[in-house]
Amino acid sequence: MKFIHAADIHLDSPFAGLTDAAQAPIDRLKGCTRQALTNLVDYALENEIDFVVIAGDLYDGDWRDYATGLFFAKEMGRLARAQIPVYLLYGNHDAESRITKRLVLPENVFVFPAKAPHTHLIRDLKVALHGQSFATAAVTDNLARAYPPARPGHFNIGVLHTAATGRGGHAAYAPCQPAELVAKGYDYWALGHVHAREVLHEVPPVVFAGNLQGRNIRETGAKGFTVVTVAEHKVIGVEAVTADVVRWARLVVAADACSDLEALLAQARVDLAEAVHQADGRLAVVRLSLSGRTALHGWLKDHPDTLTAELRAAASSVSEDLWIEQVVVETETRHDLAAAARRPDAVGALLQAADGLLAEPAATAALEAELAQVIDKLPDDVRHQACPGGRLATDDLAALIGEAKVVIASRLLDDFGEA
């Protein structure tokens, strides 16, 4: 038999925090979680899949309207007509306490209850599935501890939404140890919650399927589901299958050899073409970072809007399946600022004055007060992003002074030379 293990579909998840949303390909981004689910259903219908397991976070949260539920019911209906059952549990995003709207799902969909672990038997396949949904969004108990022993004479599957031993960027819900899962004697563990695909244990397989579709720059690379092949109650294949329609990527463009903007744009086109190739026909959404020591450093820091527009214009000549989500300047000046600070001219005096700002409490206080006035006039969302604590900390001020020093000095040195 073959079955699909999927998780973290986050159906109709919004793309919060997308920079320059007015210019982004919103229409293609908006429907990508739905299309990824459709791709999963298509695969199941075309490849004689016996059943589907969804290990939590089918939904991203409470529905805005019934359209989300209707879409899921439609896709499940396609599986129902092919007599493919679906075994679903809810995780932290779609816990019983979070979803206020419900629809009666097609009869082929079984939902694991939240009160206690439940065992569901697929009698004709001799399969026992064990699982428990989240009752609330924040489940900190070890749910796996109460899962029942393996059912003799059956292929046993544990379905669990968990952070396991903890994963960066994911709340520590339903914590457990991989060895604890293996000790249950199950033949396969279908895990959800962690969005990066990961095999925690080989035999028996303990697998995070990852999410079905990346939704932001933290979720880069291929996304999809896992197909498990079983013969004589033993796993003989665990295959990752891609289902995403948008591919998020981080791209570093080396600016060291770029003497002017035209050279930088040419290098970016070469690197962006490779990102498009890696996306394999999908929309590639790229966060582009510029690195290296370059004479362009001062200009790049001083003209962020122009730089982003120029790079997006360059990207349009590479592919229509490409969007630069954000440009990050991580370059360095090619000048030796320590040596420049010893110059007996205005450039040296400026650098010495900048270095001395933080050493003089009165000067530091005056600068903080002046910056506070500027920050208070910013829109709320910009102000909270710039100063989460409501004011600049000393470390933040030092970083700003350092950045300003580099930008101004680089421009002066480029104009007037090193000597």
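Arg-282 is buried because its relative accessibility is 14%, where buried means under 20% relative accessible area, exposed over 50% and partly exposed in between (1.4 Å probe, protein chains only). The model is predicted, so local features need pLDDT of at least 70 and side-chain atom pairs count only at pLDDT 80 or more, while totals for chains, interfaces and linings use all residues. Residues are numbered from 1 along each chain as its sequence is written, and side-chain values use heavy atoms, with hydrogens and water left out.

The side chain of Arg-282 meets that of Asp-244 in a salt bridge, 2.8 Å from N to O. This pair links distant parts of the chain, 38 residues apart: Arg-282 lies in the loop between helix 5 (261–279) and strand 14 (283–294), and Asp-244 in the loop between strand 12 (234–242) and strand 13 (246–254). Helices (H or I, at least four residues) and strands (E, at least two) are DSSP runs numbered from the N terminus. Asp-244 counts as buried because its relative accessible area is 3%.

A salt bridge is a side-chain nitrogen of Lys or Arg within 4 Å of a carboxyl oxygen of Asp or Glu. By this rule there are 13 salt bridges, including the following.

| Salt bridge | N to O distance |
|---|---|
| Arg-282 and Asp-244 | 2.8 Å |
| Lys-74 and Glu-75 | 2.8 Å |
| Glu-219 and Arg-215 | 3.3 Å |

Glu-219 and Arg-215 are both buried.

His-5 sits in strand 1 (residues 2–6) and is buried because its relative accessibility is 0%. Its side chain makes a polar contact of 2.8 Å with the side chain of Tyr-188. A polar contact is a pair of N or O atoms within 3.5 Å; within protein, one must be able to donate a hydrogen and the other to accept it, and residues adjacent in sequence count only if both atoms are side-chain atoms. Leaving out residues up to four places away in sequence, His-5 touches several residues (contact means heavy atoms within 4.5 Å). Among them are Val-53, Ala-55, Trp-189, Leu-191, Phe-208 and Phe-225.

The count of disulfides is zero, a disulfide being a pair of cysteine sulfur atoms within 2.5 Å. Cys-176 is buried because its relative accessible area is 5%, and Cys-258 is buried because its relative accessibility is 6%.
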